[in-house]
Amino acid sequence: MALLDIAGLTVSIDGAAVLGPLSFSMEPGTSLGLVGESGCGKSMTALSIMGLLPERARLAGSIRFDGTELAGLDDRAHARLRGRRMAMIFQEPMTALNPVRTIGDQIAEGLLLHGLGGGDVSGRVADIMARVGLPPARFPQALYPHQLSGGQRQRVMIAIALAMQPALLIADEPTTALDVTVQLDILGLIRDIARENAMALLLITHDLGVVAAMCERTMVMYAGRSVESGPTRAVLGSPAHPYTRGLLDALPTGDRIGRPLRVIPGSVPRAGDRVDACAFAPRCAIVGPVCRERTPGFTDLASGQTVACHFADGAGGTGGVGRTGGMNGRTG
Amino acid sequence: MILFFVRRLFTLMLTLLAASLVVFIVLELLPGDPAAVILGINAEDDTLAALRAEMGLDRPVHERYLAWVGDLLRGRLGRSYTYDVPVGELIAERLPVSLPLAVMAMGLATLFGIPVGAWAAARRGTVGDTLVMATSQLGVAVPNFWFAILLILLFSVRLGWLPAGGFAGYDEGLLAGLASLLMPAFALALPQAAILARLTRSAVLEALREDYVRTARAKGLERRRALIRHALPNALIPVVTVMGLQFSFLLAGTIIIENVFYLPGIGRLIFQAIAQRDLTTLRDLVVLLAATVVIVNFIVDLLYLWLDPRLRRGRG
């Protein structure tokens, strides 16, 4: 049985649709990368699962987690799952920790709350801190967040998430706010911890390189919907959607030194502007008349990819594909 | 940390010195001759001159100021013209009224203001929240002496539960004494509680938007628990600052409230000293109030250190 099964999920804020309809599922212990530009609904997806959407947001559709329907669940019932069965690491470690409480206290809090500490909560916290690279000798539990660097604080966040051995770990841009030099350490730590504890990992990022290194499967999102999903190797190796191709094309790589970066013209449509058409049509290189009339359905490709493009089967848009091509051998 | 204390102590002394200077100059500029007040309008010129000499009023201004400050520094207070007893005795007599009154008022304001503000923040936009906001607006706007009169009308005149005024003393037990301070304390606390409630509400709402509250909820804390355990401790930092400032308003309020309720406290003593040109009593009392305010703010600074570990950096 799937650990997480999302079907027809939509989120709207003040009547404007900001997400969906979105459907995907995750098996226990697997990893999925959610990729896309800012505002494409990646974080909204994570917050929907966690039950942490802003109060004005309205959610519809189905989120089945571990056999429980999360859509419509009240805060109290959702809170019992949060932390214990699902945990989340946020983007901004500088502000995600409470400045007036010690780190040991903040790691222990979830354990105490869910009654998971056993007899020796402090000892358990020390073990967890050691595991995330904060050895007790150098990092006493009595430290406050302001006494730590950004990378160290993100380790504390990971410790908080790890403490309760959740079945699902959501990481929302966990390294975006960090120095490049510590990004790899933190990502490696998240990947190892997820593997060791057989946690499913839902990684949200706009960095295709991160997805390539971390996730078995990838889902590319655009304007609140999935445009392409499948095994990471296939999605990044032979992208079938023009948006995925555009993202890969925009990456600066060694063979293009000295040449201007390629960009996808235009910008993401505003929430609420979305109509019955392919949302990517205004920016698409291979757009045809049908794209402005109908929202594309999903096409399953032999490679395992699922693509939402009228030209996914290569029927009609091949000339355009050639123009944006040149993707060979860049799987990262 | 030690440096912090030394610096605070230094500013404390400086503030008190400035306060004493201001008090002295203002009283010096005040029209009215204490000797004339004591002897009445029919006094002979030479009797007046004799009394002035006895009171030291004939000496130059700076000499008198230095003598006064010197006395204060040695802990010697003046002697009241009107009561003809040492000011220290007057204060000792009245402190058992004013101190519990101020503490009760501040306690009531805190006990009502902070929980009500946090409660309203948790229910932002609901009827309860709107009601709290409207009531607190009223509480800020209503002058406390008028509210005091309303309290007297209700609890003393109509219901007969509490005395309308006066101080029972502690002879019949602590509770009987404090009971006669209850209504005045309420009247004093009302505007403070209202301000605290509004401030706490906005501070909690701000804290609720912080990422760490989301982290707390992601750990499994329900919305309300995250508010109490994570948003509130952070929200209290600005609230405590204002509480320190409020305390000086509260002390000023006692002058009015003690008069409304006929309480023999410091506030009433100050009022009488002004009316009777009892300058020695007055200046000592005003410096005492200034010292109280400064010391309370010093305590607030210590509370800060306790509330906000980021300020303790120097101790590390």
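I started at A:Gln165, which I found in the loop between helix H5 (150-163) and strand E7 (168-172) of chain A. Helices (H or I, at least four residues) and strands (E, at least two) are DSSP runs, numbered from the N terminus.

The model is predicted: local features need pLDDT of at least 70, side-chain atom pairs count only at pLDDT 80 or more, and totals for chains, interfaces and linings use all residues. Residues are numbered from 1 along each chain as its sequence is written, while chains are lettered from A and ligands numbered from 1 in the order in which they are written.

I looked up the backbone of A:Gln165. Its phi is positive, about 50°, although A:Gln165 is not a glycine. Most residues other than glycine have a negative phi. A:Gln165 is partly exposed, with 16 other C-beta atoms within 10 Å. (Buried is 20 or more other C-beta atoms within 10 Å, exposed 12 or fewer, partly exposed in between; C-beta atoms are placed from the backbone.)

Next, A:Asp14. I located A:Asp14 in the loop between strand E1 (4-13) and strand E2 (16-26) of chain A. A:Asp14 is not a glycine, yet has a positive phi of about 50°. I count A:Asp14 as exposed, with 10 other C-beta atoms within 10 Å.

Then the contact between the chains. It takes 26 residues from chain A and 19 residues from chain B, counting residue pairs whose C-beta atoms, placed from the backbone, lie within 7 Å. On the side of chain B that touches chain A, helix H9 (211-219) and helix H10 (223-260) each supply at least two residues. H9(B) gives the largest share of that side, 7 residues.

Notes
Two residues are in contact if their C-beta atoms, placed from the backbone, lie within 7 Å.
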